[in-house]
Amino acid sequence: MAANTLITLTGVQLAYGHHPLLDHADFAVQPGERIGLIGRNGAGKSSLLKLLDGRNVPDDGDIMRLGGLKISTVEQEPELDESLTVFDTLCGDITESEDWQRPSRVNALIDQLGLSADALVAGLSGGTRKRVALARALADEPDLLLLDEPTNHLDFTGIAWLENLLLTARCSTIIITHDRRFLDAVATRIVELDRGKLFSFPGNFSSWQQRKAEWLEAEKQQNAKFDKVLAQEEAWIRQGVEARRTRNEGRVRRLEQLRRDRASRRERLGNVSLAVAEGQRSGKLVVELENVTHGYGDRILIRDFSTTIMRQDRIGLIGPNGAGKTTLLKIILGELQPNSGTVRLGTNLTVGYFDQMREQLDENATLADTINPGSEWIEIGDQRKHVMSYLGDFLFSPARAHSPVQSLSGGERARLVLARMFARPTNILVLDEPTNDLDIETLELLEDLLQEYPGTVLLVSHDRAFLDNVVTQTYAAEANGHWQEYVGGYDEWLEQRPKEPDPVAARAEKKEIAAAAAAAERAKPAKAARITSWELRELEGIPDAIAQLESRQTELAAQLADGSLYRDAPSEVEAINTQLHNIDEQLETLFARWEALEEKKNES
């Protein structure tokens with residue numbers, strides 16, 4: 001392992017079923033890398049993360065980690081203690097770790113993320129829970145951060161924050177995500193897990209797409225050449241008796257090896273085959289909303305919104321988490337009556353619904369019964385398909401047709417919901433966060449299908465590339481329950497939406513207001529805040545922390561004073577200077593914190 005390599009996998013094997021998830025796989029992570037880990041659903045990406053952070057061990061092969069390597073993981077569905085507050089969740093047990101600076105880091109993260117320190121985890125939304133889990137991992141100050149589908153449940157603001165955070169973070173990162181725009185923004189390398197092997201491509205997702213197409217074509221040609229040689233050798237071995245009497249034993253052994261190689265070759269998994277059963281055409285008018293207002297209690301989610309949806313419109317609904325996207329969907333579909341305003345539905349409406357929580361699935365039903373209960377045949381357009389063949393189109397083998405839904409992974413559940421929805425005649429498709437859990441290949445096929453769908457599409461999504469590739473109009477949630485209609489997808493919305501105030505001017509105004517408030521506060525007798533118990537422990541630990549940093553500072557300065565260093569290892573000079581600069585910053589922060597806590601202690 002190279003001196004600075006964080007972690008190295010050599011010849012690693014891992015298997016849970018017939019085919020190994022990792023088949024003599026090699027992999028290494030360098031400092032400062034941001035790796036996008038991609039692959040088909042079920043390929044083993046999450047299992048690889050569990051090997052990297054030590055939650056699992058490989059069946060064979062070696063994993064070497066840099067001494068003292070600190071790894072933090074944010075899982076797809078983070079497990080948080082429901083009884084704790086956000087602050088306590090992020091701080092953990094300081095007395096065990098003796099990390100007295102953690103509370104100040106936690107407070108900074110809470111401020112950056114707009115979290116409420118005193119809020120209980122039990123009442124948080126999915127998006128906020130994901131932010132808390134990310135903040136907890138960042139508070140650990142890891143060398144390597146592992147993220148499993150981090151953009152799921154995040155809105156556009158949350159995704160933008162995460163992109164910026166990863167671009168400025170000092171740690172290396174490995175990210176499992178289907179969000180192509182996100183990968184283009186942050187990834188320095190793409191690693192694909194394909195048939196048990198890890199293939200590395202420098203650059204972002206767009207670079208990978210081009211290189212992967214070239215690589216697949218080369219693999220196809222190589223396999224064709226191999227199969228041609230095998231066919232020739234098989235023909236030779238089947239020649240007449242005379243030929244068999246004089247055949248070369250070395251050539252026979254070569255043929256046997258070719259047969260073994262061909263038997264062990266894992267073919268690339270085929271793509272999902274998507275086709276939708278088209279229902280009777282709806283009327284030209286799908287729905288008309290006029291001056292619709294709706295809310296709950298004092299909170300107005302939709303205020304005086306009017307729009308008309310026509311057949312073949314493909315409309316995206318976007319906005320922050322909790323803005324009312326699902327509520328507006330239900331009003332459009334006639335499932336929810338607004339507090340005021342009118343909703344006029346068109347004729348012959350047949351709706352197919354993709355629910356982001358997959359609540360429409362019966363956990364105990366089999367896959368076959370979920371698709372078409374009571375019948376073995378499905379009508380797709382002018383085709384009649386057996387349910388086993390139809391499940392195969394969605395990459396479910398016949399052996400799994402009678403497995404219960406509860407045995408499926410998140411990606412498999414998403415494919416099953418798509419299969420069920422497309423098996424029934426519809427003229428309106430409603431997709432609520434369909435991109436969560438689907439792999440990139442399936443997303444691109446779904447985009448193609450929706451573009452050709454002759455009915456109407458209503459889409460809720462935070463996947464910017466998916467929105468751009470599918471929708472023709474966008475309904476965007478704006479302030480105070482106002483919704484605005486825009487032409488085009490996400491990028492068009494960015495161009496057309498009202499410009500936000502200049503952030504520099506806004507910050508200057510904010511500082512002026514804060515200064516005025518501070519001056520007014522100083523004019524009043526201040527009531528001293530009591531120092532907390534954890535702040536006292538932090539204060540007690542600061543002198544030792546300062547002493548350790550000053551000791552390290554002295555050691556590094558002594559190394560620089562040695563003239564032989566510049567001759568024998570000039571590359572280390574810059575590294576030592578960087579360390580000294582970091583120590584200076586840490587000391588400055590510690591002294592400032594020490595003074596603040598001492599002042600607070602004296603005033604208590």
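Being three residues apart in helix α17, Y490 and W493 are separated by about one helical turn, where helices are DSSP runs of H or I with at least four residues, numbered from the N terminus. An α-helix has 3.6 residues a turn, so residues three or four places apart point the same way. The ring centres of Y490 and W493 lie 5.7 Å apart and their planes meet at 50°, so this pair is tilted; rings of Phe, Tyr and Trp (its six-membered ring) are paired if their centres lie within 6.5 Å, and planes under 30 degrees apart count as stacked, over 60 as edge-to-face and the rest as tilted. This is a predicted model, in which local features need pLDDT of at least 70 and side-chain atom pairs count only at pLDDT 80 or more, while totals for chains, interfaces and linings use all residues. Residues are numbered from 1 along each chain as its sequence is written, and side-chain values use heavy atoms, with hydrogens and water left out.

A search of the whole structure finds five aromatic pairs. In one of them, F156 and W493 have ring centres 6.1 Å apart and planes at 35°, so this pair is also tilted. The pair links distant parts of the chain, since F156 belongs to helix α6 (residues 156–168) and W493 to helix α17 (residues 490–496), 337 residues apart. F156, Y490 and W493 form one aromatic cluster. Both F156 and W493 are buried, as is Y490, where buried means under 20% relative accessible area, exposed over 50% and partly exposed in between, with a 1.4 Å probe and protein chains only.

## Charges over rings

R497 lies over the face of W493, at 4.7 Å from the ring centre. Elsewhere, the charged end of R415 sits over the ring of F396, 4.9 Å from its centre; a charge sits over a ring if NZ of Lys or CZ of Arg is within 6 Å of the ring centre and within 35 degrees of the ring normal.

## The two sides of helix α4

The buried residues of α4 (residues 102–113) are R102, P103, R105, V106, L109, I110 and L113. They cover an arc of only 155° around the axis, which puts them on the same side of α4, the arc being that of the directions from the helix axis to the C-beta atoms. On the other side of α4, D111 and Q112 are exposed. After α4 comes G114, whose phi is positive, near 65°.

Conventions
The expected span of a helix is 1.5 Å times one less than its number of residues.
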